[in-house]
Amino acid sequence: CIQLSVTMNLALLLLLPASAAYTSLDELLNLMPDHIELMRRVLAIATDPRVDVESRVEALQAMQELVEDLDKAEDLRTIHGFAPIVELLNNALTREEGAEPRLVETAAWVIGTAAQNHRDLQLHMLQVEALHPLAAIVRMAASPADDVAKAKAKAMYAISAIIRNNPDGQWACAEAACGKALVCAAQSRESRLARKALVLLSDLTHETLAAAAAKESGRPTYDGHLHSARPREPFWTFIDREELCWAVCNNLTTRDLDLDTWEKAVIALKYMHAAGMLQYDAAYGTEDVSCRRNGVPQALHSIVAACDVVMATQIGPAGCVEVLELARNLQRQLAEGRPSPKIRSSETVFHWEV
């Protein structure tokens, strides 16, 4: 059941009777059973710069709920509805529409909702070139405004939805400078944006390493994709790995007892270590000041010390137990060298884990 409240102003813009009471999008769908026509009207409002921002945001929110249904998301593609939403993002970036953060946030939300776990729509988002404006939004200069942080977080969510388990999207991401967007998001002072970046970093690294292991074992595919379809070089080839390492470590040293972010940052470092991303590279300066030599050990030490205090005093969040275990495991792995993966394989399953 779609629960979004529909204001009288939006109802009037949809050319519906002003005398009726609309409390949800479901009621509009009952009144207007031709949902494709409803989507056309909602899209027209959302993308019309002459309409007030509040109504356009409401229209995009309504569209986001509509495309939660895969059939309706496909219908929006059929009527070429995603291209105008991507154009809205492009216009916001060029300030033709004042770069209104709420419009950017809800437009990105529509794209991410439609693409998530939907192969055909992932590919369609590449056709309408959604990655370029989404990555540019994440790379925008930091702002104290909460609305801007929300817009960046939704753009990161949309990028993740388009490229996760989608080799075509990962190819396109290099051209759209998604790697730089990933670093910018991981550096963010906003925890919600940083967490999305850390999760995506871990997922992409795991997918890349697992696919390589599956290929080495002789399996023709990994997760339904031929190895020839995957990028020839891992995504971290196009990223300043030293900058990325420091960005991840800063999530451990600048967020007091933010256990959710800490956990995601340690997991990201674990996969980075497994991939060799933490190895010293002369291109990034002298080894003595490298992130691997200084940043990672100090960051892990800081959260272990903080959680030890919490555990000793028996106050504070109980999640320190899990974070301590992850951090100490990574400390051991760093001392012993790159970890050996665990592989569980059968005719139908290939599971790779550090």
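Predicted model: local features only at pLDDT ≥ 70, side-chain atom pairs only at ≥ 80, totals over all residues.
Q: What are C173 and C178 called, buried or exposed?
A: C173 is buried, and C178 is buried too. Buried means under 20% relative accessible area, exposed means over 50%, and partly exposed lies in between (1.4 Å probe, protein chains only).

Q: What makes C173 and C178 a disulfide?
A: A disulfide is a pair of cysteine sulfur atoms within 2.5 Å. The S to S distance of C173 and C178 is 2.3 Å, so the pair counts as a disulfide.

Q: What is the torsion about the S-S bond in the link of C173 and C178?
A: The torsion is -90°, and the link is left-handed.

Q: How do you know that C245 and C291 are joined?
A: Their S to S distance is 2.0 Å, so the pair meets the disulfide cut-off. With -75° about the S-S bond, this link is left-handed. The pair links distant parts of the chain, 46 residues apart: C245 is in helix α14 (residues 241-253) and C291 is in helix α16 (residues 291-313). Helices are DSSP runs of H or I with at least four residues, strands are runs of E with at least two, and both are numbered from the N terminus.

Q: Why is C245 called buried?
A: Its relative accessible area is 2%, so C245 falls under the buried limit. C291, at 0% relative accessibility, also counts as buried.

Q: Why is the disulfide of C307 and C320 called left-handed?
A: The torsion about its S-S bond is about -75°, so the disulfide is left-handed. This pair also links distant parts of the chain, 13 residues apart, with C307 in helix α16 and C320 in helix α17 (residues 320-336). The two sulfur atoms are 2.2 Å apart, and both residues are buried.

Q: How many disulfides are there, and what pattern do they follow?
A: The structure holds three disulfides. With bonded cysteines counted along the chain, the pattern is 1-2, 3-4, 5-6.

Q: What makes an open space a pocket?
A: On a 1 Å grid over the protein atoms alone, a pocket is an open set of points with protein on both sides within 12 Å along at least five of seven lines, whereas a cavity is a set where a 1.4 Å probe fits but cannot get out. The largest pocket has a volume of about 680 Å³. That volume is the space filled by probe spheres set on the points, which are joined across faces, edges and corners.

Q: Which residues lie nearest the centre of the largest pocket?
A: P231, R232, E233, P234 and F235 do, out of 30 lining residues. A lining residue has an atom within 4 Å of a point. The largest share of the lining, seven residues, comes from α13.

Methods
Residues numbered from 1 in each chain as written. Heavy atoms only, no water.
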